[in-house]
Amino acid sequence: MLFVALALTACATPESGETTRLESLRASDGTDSWDEASYEGLTTVTGEGRDWALSVDLGDGTTGEVDVHAPGASDLSVFHGVDVATTLGAVWGSNPRDVEIDTVAGDEPPAPMFVAQVHALGLATDAFGEGFVDYGDAVGTGTIEVSGAWGVEYHDVVFQTDDGEVVATAGAPVELTIDGATWRAVVHTAFVVTDPPEEVMDCGGGASDTLSFEMIYEPPAPKLDGMEPQGTDLAGAYSCG
């Protein structure tokens, strides 16, 4: 099942410029472990839109169950009936966690086909190299209310591709060409904290610098329609619970 959404309702109102903050990426294997976990085998995928359930035949009579809420509406049904390895990154508390789905067919080395990353470093930069993605120009400021008022500065996101830099704004899918392959990428949100509250949760929950996005391998001409957030559990709010 999808892990319980953050109990803290978060909102942000840009004070200058325009920005979109999609809902939070969510992924769970149904355990309480904070460690990285990987499930490899023939995968059955159910779901649609932004919510997907992956059931992985582990080859020993057991299955691994992974649920993913992809705010960018990446179509994970393409992995139905395919041998893949699904990895969940290490996580702190009930924070969003990185997700990567790799091919494992034949003698070819594993290759990423879907990656979702929450910060400027993570599974995507492990796969494509540090500096592959970074903050771009500031596009506005705002306040995120989550266990206090956090002043933030929103940014574009810059991807390094075969064709040079591609600039993406939150909620606006872009096409990337990396090593000759076409990807559809969607930024969930990108901001840096500029003014934290005087008092924060004892465990450190609240908001922190966030560069959250997802990308999926697609043939040419991926769907690039703009997106709006669903619900109130928006990207960039963190809990220790």
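**View 1. Six aromatic pairs occur in the structure, where rings of Phe, Tyr and Trp (for Trp, its six-membered ring) pair if their centres lie within 6.5 Å, and planes under 30 degrees apart count as stacked, over 60 as edge-to-face and the rest as tilted.** One of these pairs joins Phe128 and Trp183 in an edge-to-face arrangement, with 5.4 Å from centre to centre and 90° between the planes. This pair links distant parts of the chain, since Phe128 belongs to helix α1 (residues 123-128) and Trp183 to strand β12 (residues 181-195), 55 residues apart; helices (H or I, at least four residues) and strands (E, at least two) are DSSP runs, numbered from the N terminus. Trp183 is buried, with a relative accessible area of 3%, and Trp183 also forms an edge-to-face pair with Tyr217, at 6.2 Å centre to centre and 80° between the planes. The second pair likewise links distant parts of the chain, Trp183 in strand β12 and Tyr217 in strand β14, 34 residues apart. Phe128 counts as partly exposed at 22% relative accessibility, and Tyr217 counts as partly exposed at 39%; buried means under 20% relative accessible area, exposed over 50%, and partly exposed in between (1.4 Å probe, protein chains only). Ring pairs link Phe128, Phe132, Phe159, Trp183, Phe213 and Tyr217 into a cluster.

The model is predicted, and local features need pLDDT of at least 70, side-chain atom pairs count only at pLDDT 80 or more, and totals for chains, interfaces and linings use all residues. Residues are numbered from 1 along each chain as its sequence is written, and side-chain values use heavy atoms, with hydrogens and water left out.

**View 2. A salt bridge joins Arg50 and Glu23, whose closest N and O atoms are 2.9 Å apart.** The pair links distant parts of the chain, with Arg50 in the loop between β2 (37-48) and β3 (51-57) and Glu23 in the segment before β1 (26-28), 27 residues apart. The count of salt bridges comes to one under the rule that a side-chain nitrogen of Lys or Arg lies within 4 Å of a carboxyl oxygen of Asp or Glu. Side chains of opposite charge can pair when their charged atoms come close. Both partners are classed by accessibility as follows: Arg50 counts as buried at 11%, and Glu23 counts as buried at 1%.

**View 3. Strand β7 (residues 111-117) pairs in the antiparallel sense with strand β6 (residues 99-103) over five bridges, and with β14 over four bridges.** Two strands are taken to pair if DSSP finds at least two bridges between them. Not counting residues up to four places away in sequence, Ser212 touches Gln117, Val118, Val187, His188 and Thr189, where contact means heavy atoms within 4.5 Å.

**View 4. Asp57, a residue of strand β3, is partly exposed, with a relative accessible area of 40%.** The side chain of Asp57 reaches the backbone nitrogen of Gly59 at 2.9 Å. Leaving aside neighbours within four places in sequence, Asp57 is in contact with Glu40, Gly41, Leu42, Thr62 and Thr63. Between Asp57 and Tyr39, 18 residues apart in sequence, the C-alpha to C-alpha separation in space is 8.5 Å.

**View 5. Ala73 has a positive phi of about 60° although it is not a glycine, and Asp179 has a positive phi of about 50° although it, too, is not a glycine.** Most residues other than glycine have a negative phi, and most peptide bonds are trans. Ala73 lies in the loop between β4 (63-69) and β5 (82-88) and is partly exposed, with a relative accessible area of 30%. Asp179 lies in the loop between β11 (174-178) and β12 and counts as exposed at 71% relative accessibility.

**View 6. Glu145 lies in strand β8 (residues 133-145) and counts as partly exposed at 38% relative accessibility.** The C-alpha atoms of Glu145 and Pro197 are separated by 9.8 Å, the two residues being 52 residues apart along the chain.

Methods:
Polar contact = N/O pair within 3.5 Å; in protein donor to acceptor, adjacent residues only side chain to side chain.
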